[in-house]
Amino acid sequence: MAAVFRLSSVCHRGVKPLFYRSTLLGRPLALPLKDQESPYLLSARIHASQKLDAASGSTAASLHWTGERVVSLWLLALLPAGYFHPGAVVDYSLAAALTLHGHWGIGQVLTDYVHGDTKIKMANAGLFLLSTVTFAGLCYFNYNDVGICKAVALLWSK
């Protein structure tokens, strides 16, 4: 027979466990015996840290994720609307949605690849400047020229 090993008996002596994910630690372990062909399950559950509840933290990340999905769906809806009914409302909606979508996308790249407090602040300032100039440029183009929808239609027509 096999002995059930509890990680908590080692942890109180100052040794930290290798894995902290409860999904990895909570699975039963299958071990084959030398004299048996089929494996049996060790059903001891090991908990290395407290369980994190979704309700215990802030909902800002969830709302941000939902907002990103809404903007993505908004862009998908604006593409056929811009083709079938080009106009100022669709042009300015595209300007806002494209700028916001690009801002969030580049923000995620900066979050993943820029490290250090000063570099992060400079990258975020540059991102806000780029997003502001992009939105202002698209609005200027919509107001003083043919607009985004008609410009794309003119590109496709030639």
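Student: At what angle do helix α3 and helix α4 pack in this predicted model?

Tutor: Two packed helices are described by the angle between their axes and the distance between the axes. Axes are lines fitted to C-alpha atoms, for helices over the stretch in contact, and angles run from 0 to 180 degrees between N-to-C directions. Here helix α3 (residues 60-84) and helix α4 (residues 88-113) have axes 10 Å apart, at an angle of about 140 degrees.

Student: Which class of orientation does that give α3 relative to α4?

Tutor: Angles under 35 degrees count as roughly parallel, over 145 as roughly antiparallel, 65 to 115 as roughly perpendicular and the rest as oblique. The angle of about 140 degrees between α3 and α4 therefore makes α3 oblique to α4.

Student: Which residues form the salt bridge, and is each one buried or exposed?

Tutor: A salt bridge is a side-chain nitrogen of Lys or Arg within 4 Å of a carboxyl oxygen of Asp or Glu, and the structure holds one. The closest N and O atoms of R69 and E68 are 3.3 Å apart. Buried means under 20% relative accessible area, exposed over 50%, partly exposed in between (1.4 Å probe, protein chains only). The pair is R69, partly exposed at 36%, and E68, buried at 15%.

Key. Residues numbered from 1 in each chain as written. Predicted model: local features only at pLDDT ≥ 70, side-chain atom pairs only at ≥ 80, totals over all residues. Heavy atoms only, no water. Helix = DSSP H or I, 4+ residues; strand = E, 2+ residues; numbered from the N terminus.
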